[in-house]
Amino acid sequence: MQEFLIPAVWATILLFFIYRFDFFKIQEINPAWPYAAFLFKLLLGFANYYIWLNIIGHGDSLRYFHDSQIVYQSLFDNPTYFFELITRSSLENVPEHLIPYQKELFIEWHVNEYHMVRLLAILNVFTFGNVWANIVLIAFGSYAATMGLFKSLNQFLVIDADKKNRIFLFLFFLPSIVFWTGGLLKEAPVFMLVCIIIIQLFTIESSPNRNTTPAKPLLILVVCIYALFLIRDYLAILVSLNLLLLFFARTIVKPQYLNKTFIINSITVIVLFFAVPIVFPQLNYFHYAQSEQTYFLNGEPDPDYKFSAIGGDGIAVIKQIPYALNNIFFRPNLMHSDSVFRLYQSVELIIVWLIIVFLAIKMLRQKHPFSATALFMIIVAIELLGIYGLMVTDADTLSRYRSIPLFFILLFMWLHKPKHSTV
């Protein structure tokens with residue numbers, strides 16, 4: 001009974017928050033929709049964990065929660081043990097009293113995945129270790145971030161009144177993004193942080209004084225990038241590098257040339273990314289990529305697809321670009337998928353890419369002003385898809401990782417015209 005009572009209580013409390021606070025109210029939207037959106041998020045969040053628990057039987061979310069329970073139980077042995085397990089990040093000089101806990105953990109303290117264990121262990125304090133209640137809290141955080149993004153889009157971009165209902169449905173009811181950001185996987189906090197980063201970038205972009213960056217959004221931006229680094233370091237690095245290119249372009253060119261300069265800077269860096277290991281073999285960072293890919297290669301082979309290991313140098317990686325594009329555009333696909341889950345993923349993937357192509361053609365014909373923040377997110381998302389196409393060797397994992405960048409490409413191909421254009 002308690003297993004269902006605790007998540008029900010938390011869901012009721014959070015539904016009251018949605019009812020009580022103006023942040024969750026949108027005048028142009030049917031008042032029932034925000035409640036339906038949160039409940040839909042909960043439903044798919046529960047389904048996400050249920051599938052991993054009862055059908056797949058293994059996976060990151062199960063390991064995260066297993067380890068968080070060990071950390072949470074230490075609170076009852078000794079509160080200082082709990083604090084040590086939450087904050088510890090080194091395997092050196094492990095105290096005697098922590099060794100029994102360490103032996104039970106799947107995830108070591110020094111790896112990024114342990115930050116998810118920390119998060120869930122803290123949530124366990126408020127949910128009494130109830131996994132379904134943890135999903136309620138995480139789903140609410142992702143839901144609130146989506147609401148903040150929706151309001152930010154309304155504030156900073158030109159959106160026709162008749163589009164707002166469709167945009168709301170897209171943000172809150174697109175199955176893939178809701179499914180992957182509603183459970184215990186990394187996608188939930190990553191999505192929250194990226195939404196907050198976008199909101200700060202819109203605020204900075206709309207600042208009337210281009211020579212100074214507002215302090216508050218800049219501070220929030222730095223904090224979010226640091227938190228993102230703790231969870232998914234390569235994404236934080238990618239965001240940071242592109243931010244440097246964007247801010248550099250912002251300071252050296254006139255507003256009307258900002259986007260073109262940013263695109264040129266980004267293309268230059270991408271070319272250098274492939275060229276440096278070729279010209280300077282001693283700086284071949286693709287060897288590091290190979291070592292990171294062993295995380296995927298050590299898993300069970302995908303029964304439906306054959307995936308390749310990343311090349312050992314710049315030329316080999318360049319030759320794998322067609323292979324990476326095949327992964328990004330066509331995996332999973334209708335011809336080589338047996339499960340209902342993969343069939344749905346493949347159908348949605350086809351639809352999303354067709355809509356993106358349609359929006360791209362429409363955008364080129366209309367030639368509307370383009371928000372620098374929207375362009376920034378599209379470029380980051382494209383680069384991220386390229387990384388996943390080269391690195392990920394499992395179709396389900398690829399679908400999960402691809403959900404966030406595809407979502408933002410689709411969103412900002414659709415909406416990109418700033419209300420107060422400085423370009």
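Let us begin with residue classes: Ala, Val, Leu, Ile, Met, Phe, Trp, Tyr, Cys and Pro count as nonpolar, Asp, Glu, Lys and Arg as charged, and the others, Gly among them, as polar. What you have above is a predicted model, in which local features need pLDDT of at least 70 and side-chain atom pairs count only at pLDDT 80 or more, while totals for chains, interfaces and linings use all residues. Residues are numbered from 1 along each chain as its sequence is written, and side-chain values use heavy atoms, with hydrogens and water left out.

A cavity here is a set of points, on a 1 Å grid over the protein atoms alone, where a 1.4 Å probe fits but cannot get out, and lining residues have an atom within 4 Å of a point. Grid points are joined across faces, edges and corners, and a volume is the space filled by probe spheres set on the points. Helices are DSSP runs (H or I, at least four residues), numbered from the N terminus.

The structure holds five cavities of 30 Å³ or more. Helices α10 (187-205), α12 (233-252), α18 (372-391) and α19 each supply at least two lining residues, and α18 gives the largest share, four.

What is the volume of the second largest cavity? About 60 Å³. The residues around this second cavity include L201, E205, R250 and T373, and α10, α12 and α18 each give two or more residues to its lining. By class, this lining has six nonpolar, one polar and two charged residues.

Helix α6 (residues 114-127) has 14 residues and reaches 19 Å from its first C-alpha to its last, close to the 20 Å expected at 1.5 Å a residue; the expected span is 1.5 Å times one less than the number of residues. Its buried residues (under 20% relative accessible area, 1.4 Å probe, protein chains only) include Y114, R118 and N124. Just after α6, F128 takes a positive phi of about 60°.

Next, N130 caps the N-terminal end of α7, with a side-chain oxygen 2.9 Å from the backbone nitrogen of W132. Helix α7 (residues 131-156) should span 38 Å, and its end C-alpha atoms are 37 Å apart, which agrees. This helix is mostly covered, with 23 of its 26 residues buried.

How values were computed
Buried < 20%, exposed > 50% of the residue type's maximum accessible area, 1.4 Å probe, protein only. Polar contact = N/O pair within 3.5 Å; in protein donor to acceptor, adjacent residues only side chain to side chain. 1 Å grid on protein atoms, 1.4 Å probe; cavity = no way out; pocket = protein on both sides within 12 Å on 5 of 7 lines; lining within 4 Å.
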